[in-house]
Amino acid sequence: MQFVLFFSDKNVREQLFARVDGTRGLLLVAGVRHGPAMRSPEQREPFVTLEFLHGSVLTQVLVADEGTAEGMWRDPLGDLADRLYPDSKEDAYAMTNGYLLLEDGAPRAVVRKQGLPAEDLWFLEEALSRLTPRVPPPDPTRRPGKRKPEPAPRAPRRPASHGAPRPPREPDWRDRTEPQGRGRVEDSQGPGDWRDRTEPQGWGRVGGEAEDPETTPPRGTRVAASAPRKDAWTLLGIARGTALDEARKAFRTLISGYHPDKVAHLAPEFRELAERRTREILEAWEEVERELKDAG
């Protein structure tokens, strides 16, 4: 059986706690990203395969973050982690970023997300097989491992030379090749010369920019510097070196000031500004939270 809860629901925290407390047997709790163009969370891997193979012994609760303004300030998984692991910040953080397995409401295991659904499925089945004999262990020969780095591409071999090299020939203007796509240009004044034609912006000139922003510019060309990005710590008003729990409290206090209920009475342009500010705060918090996790 599968249940999907959404961050945009103001009662998502209470619904999550009720599912955890009221489910007997094995329960999987996981957070997922969700958007309009995405499939429903229960139809994605590894959840659909877990339901097909082990739905009779495993209940799933998927908490979907739609990234909307209504749900940006809520953190139901963080609240559940603080409740289940009050004395272990590391376990609480691992729970919010992985798969939580519970039995009769009590946490039994946390499975780390590997990045690929097939790999996540292998480790989830391994953890489940330790909790119940009704889930067979996965094939150990298929255990995901570290991928070997791809070898660097080799430079093409130079063709073998035959005989003594010929001395360089003096350049001649008649040997000059016209650039591809640029022939003689004729106008109303008569035939012109290809050298009189203006080069497209960014072609061959040091300092010019290519028109296509995704095209890698030639070596030696200068690329205009992008606007400096705001420092995430400064944007949140959190000093570097702050503990993770204190930083999380400061983040929640800051983002709660932009709650939709608090700006509902303002003009549309101010509500749009509040939503934009909320997204900036969330992006900055993801960066700060990642740095604190790596440092810890």
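Trainee: How do the residues of the lining of the second largest pocket divide into nonpolar, polar and charged?

Mentor: Please bear in mind that this is a predicted model. Rolling a probe the size of a water molecule over the atoms shows where empty space is left. Here, the lining of the second largest pocket comprises six nonpolar, five polar and six charged residues. The space in this pocket amounts to about 560 Å³, and 17 residues line it, with Glu-90, Tyr-93, Ala-94, Asn-97 and Lys-293 closest to its centre.

Trainee: Which element gives the most to the lining of the second largest pocket?

Mentor: That element is H4, with four residues. At least two residues each come from H4, H7 and H9.

Trainee: What is the volume of the largest pocket, and which residues lie nearest its centre?

Mentor: Its volume is about 1,200 Å³. Of its 39 lining residues, Arg-33, Asp-75, Asn-97, Trp-285 and Glu-289 lie nearest the centre. In this lining, 15 residues are nonpolar, seven polar and 17 charged. Helix H9 gives the most to the lining of the largest pocket, namely seven residues.

Trainee: Is Thr-59 buried or exposed?

Mentor: The cut-off for buried is under 20%. Thr-59 has a relative accessible area of 15%, so it is buried. This residue belongs to strand E3, residues 58–65. Beyond its neighbours within four places in sequence, its contacts include Met-1, Phe-3 and Thr-23.

Conventions:
Residues numbered from 1 in each chain as written. Predicted model: local features only at pLDDT ≥ 70, side-chain atom pairs only at ≥ 80, totals over all residues. Heavy atoms only, no water. Buried < 20%, exposed > 50% of the residue type's maximum accessible area, 1.4 Å probe, protein only. Contact = heavy atoms within 4.5 Å. 1 Å grid on protein atoms, 1.4 Å probe; cavity = no way out; pocket = protein on both sides within 12 Å on 5 of 7 lines; lining within 4 Å. Points joined across faces, edges and corners; volume = space filled by probe spheres on them. Nonpolar A, V, L, I, M, F, W, Y, C, P; charged D, E, K, R; others polar.
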